[in-house]
2 protein chains.
Amino acid sequence: MASTHLPPASPAPAGTANVAIDLGDRSYDILIGEGLLDDPTTFAGLPKSTKALIVTNTTVGPLYTEKLRAAIAPLHKQVLDIELPDGEQYKDWPALNQVFTRLLEEAADRKTVLYALGGGVIGDMTGFAAACYMRGVPFVQVPTTLLAQVDSSVGGKTAINHPAGKNMIGAFYQPQRVVCDMSTLDTLPQRELLAGLAEVIKYGPIADAAFLGWLEDNLDALLARDRQALKYAVQRSCQIKAWVVGQDEKEAGLRAILNYGHTFGHAIEAGLGYGEWLHGEAVGCGMVMAADLSARLGLIDTATADRIIALIKRAGLPTRGPDLGADRYIELMQVDKKAEGGETRFVVIGPLGQAGMRGAPDALVRDVIATHTR
Amino acid sequence: MASTHLPPASPAPAGTANVAIDLGDRSYDILIGEGLLDDPTTFAGLPKSTKALIVTNTTVGPLYTEKLRAAIAPLHKQVLDIELPDGEQYKDWPALNQVFTRLLEEAADRKTVLYALGGGVIGDMTGFAAACYMRGVPFVQVPTTLLAQVDSSVGGKTAINHPAGKNMIGAFYQPQRVVCDMSTLDTLPQRELLAGLAEVIKYGPIADAAFLGWLEDNLDALLARDRQALKYAVQRSCQIKAWVVGQDEKEAGLRAILNYGHTFGHAIEAGLGYGEWLHGEAVGCGMVMAADLSARLGLIDTATADRIIALIKRAGLPTRGPDLGADRYIELMQVDKKAEGGETRFVVIGPLGQAGMRGAPDALVRDVIATHTR
């Protein structure tokens, strides 16, 4: 795949970092800092409107809705909020429709701004609600989980799940701004922090071998929630994602590498029922499988695959998938969005720091599944 | 509103007419002719794929699905079809979700092409399904009603209804091609032909006074289904729509004039319950009210309003709305997508052949409603 070079890493600034997503008239900034939610200047320059709606969930809402409401008060005459149930199993049409119903009950017009306050589920659903309400209203991402800060809130992928497949119904729809307030990670359960680290680790093998080395050196600091380490991890992850998305907004090619570990991971999530494993946990285990597949395809050596797998294990992520049977894994992977003409295509690594897409012989895939399931 | 000049009218060619929609990398052609559905060359150059899905309804499907299937067979390995229930009351999430479920059951990938075979409801739903399935797959409009040919299939507005508002959930998403086969109008019930004429008549007052004159001269031929007259009406309507949409794809300004008659019309449809009146009937009556409102605002003289109203009446369209009470009309119009900050905005005419958007004093609106309801 033709691509420009990844911008070099730079140390995190003392204050707020700014990563630009360059998409022409859909460009926007990612702000990464501390205490951003308490500060109206964080939201300066965003669209003003009569009404705004904060979409959050029952876990995050009680912690941060009032802070956000105060910070955006200068922009809107009325700031409404709605709390959806918390969890991947609610990333569905009934929950999305609650947002539409609320907007219509409040006679919200098409200048209404939506704010996504929460993790990946809230971000994906709020973005899709914004894409569809009156055929499109502005929205702002305020991700409060590590996973959402480094991955789902950036790049404009929005969706809900269908009982037959994850993220099958959605849109490419870009936010006006992404606000990553590192302070919100203080309230994140450790299990969710680890799930977020899976998406951070992802960026090393697919795009930046040096970042993989940095993660190996700094994993203990990240697990101990060292603020400066977390801030750098979010900043570098967003830089890499911005570089990929800026070249391929709608996943015609390069962008698919961001799905490293996701094909196996989606099969785990769908096979167990959404919500059993966290998305990041499934991706962590999926990256183990995809690293092994890359080695079996001869794209990286076994030592490199083992290095990736060791880091995932050190991060406390699951490295063995549930025993669904190889047939079920393969069946579930065939409805993956990257499949074409019935052939499942995998994101593979090789050499370290570069990724590509390819199909794989059925027998190899079965070997990988057998090796890495209980 | 700043705008380039409307291209001059040209006579309909003997064969197939071609109207280009110029939207950069989302440009496409509208083909207008006879026997297009039977002819594989109609579809030449469209995306090839493993699977395609014809989305139609229980009325249109039995008449045309097999013809379309034969014509597009060279492009796809497998052409599936799904018949949805017929009617505006089924333009909702459960029907849309039937399309998603079918696609997922068939493991349809993201190169799958959807074909919308039917009227405005099928076109709007299929377009929205294409916009959302795996975040976007290609689709082709094959409108089989006059209304869909001159209006809803052109310009990329897609949507479903919400119980609290018509077309509230949707997307701007452009088709790959629009195929208007005049032969399909042979099977169109007269009531639906008249409803389609409402949207044809619309283009005169808002954009082309000369076309209004042509319609006055040729209405009898149109009502008698003269093929050449119908073909010219469709061609000129599409030219005007293409000119408007080419300047304002996402309705930031000018495009709103295409909603002439629709603010009052939506109130009629929503107030009676969708499906009671046909959309075109409600628009016809809405244009009567909006013409009168334009005159009461001093934007056109009474004689001009009467001229528009007379043509709508001659076309056999309703000119008096249901007696919902002025309060209910006003309440229903406040959730119209053109409303801003709670103020309902109307498309008004003045001078004849030009339109604009504005609010209106409550008392004037109430007078208009009182005058034109039973």
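Me: What makes the meeting of the Asp151(A) and Lys241(A) side chains a salt bridge?
Reply: A salt bridge needs a side-chain nitrogen of Lys or Arg within 4 Å of a carboxyl oxygen of Asp or Glu. In this predicted model, the N to O distance between Lys241(A) and Asp151(A) is 3.1 Å, so the pair meets the rule. The model counts side-chain atom pairs only at pLDDT 80 or more, asks pLDDT of at least 70 for local features, and uses all residues for totals of chains, interfaces and linings. Residues are numbered from 1 along each chain as written, chains are lettered from A, and side-chain values use heavy atoms, without hydrogens and water.

Me: How many salt bridges does the rule find across the interface of domain 1 and domain 2 of chain A?
Reply: The rule finds 7 there. Domain 1 covers 17–187 and domain 2 covers 191–371 of chain A, with bounds from an automatic or database domain assignment.

Me: Which residues are said to be in contact between these domains, and how many are there?
Reply: Contact means heavy atoms within 4.5 Å. Domain 1 of chain A gives 37 residues and domain 2 of chain A gives 36.

Me: Why is an area given for the interface?
Reply: Because the size of an interface is often stated as the accessible area lost when the parts come together. Buried area is that loss, taken with a 1.4 Å probe and summed over both parts. For domain 1 and domain 2 of chain A the value is about 3100 Å², with 63% from carbon and sulfur atoms. Leu146(A), Val150(A) and Lys166(A) supply 20% of what domain 1 of chain A buries against domain 2 of chain A.

How values were computed:
Buried area is the accessible area (1.4 Å probe) that two parts lose on being put together, summed over both.
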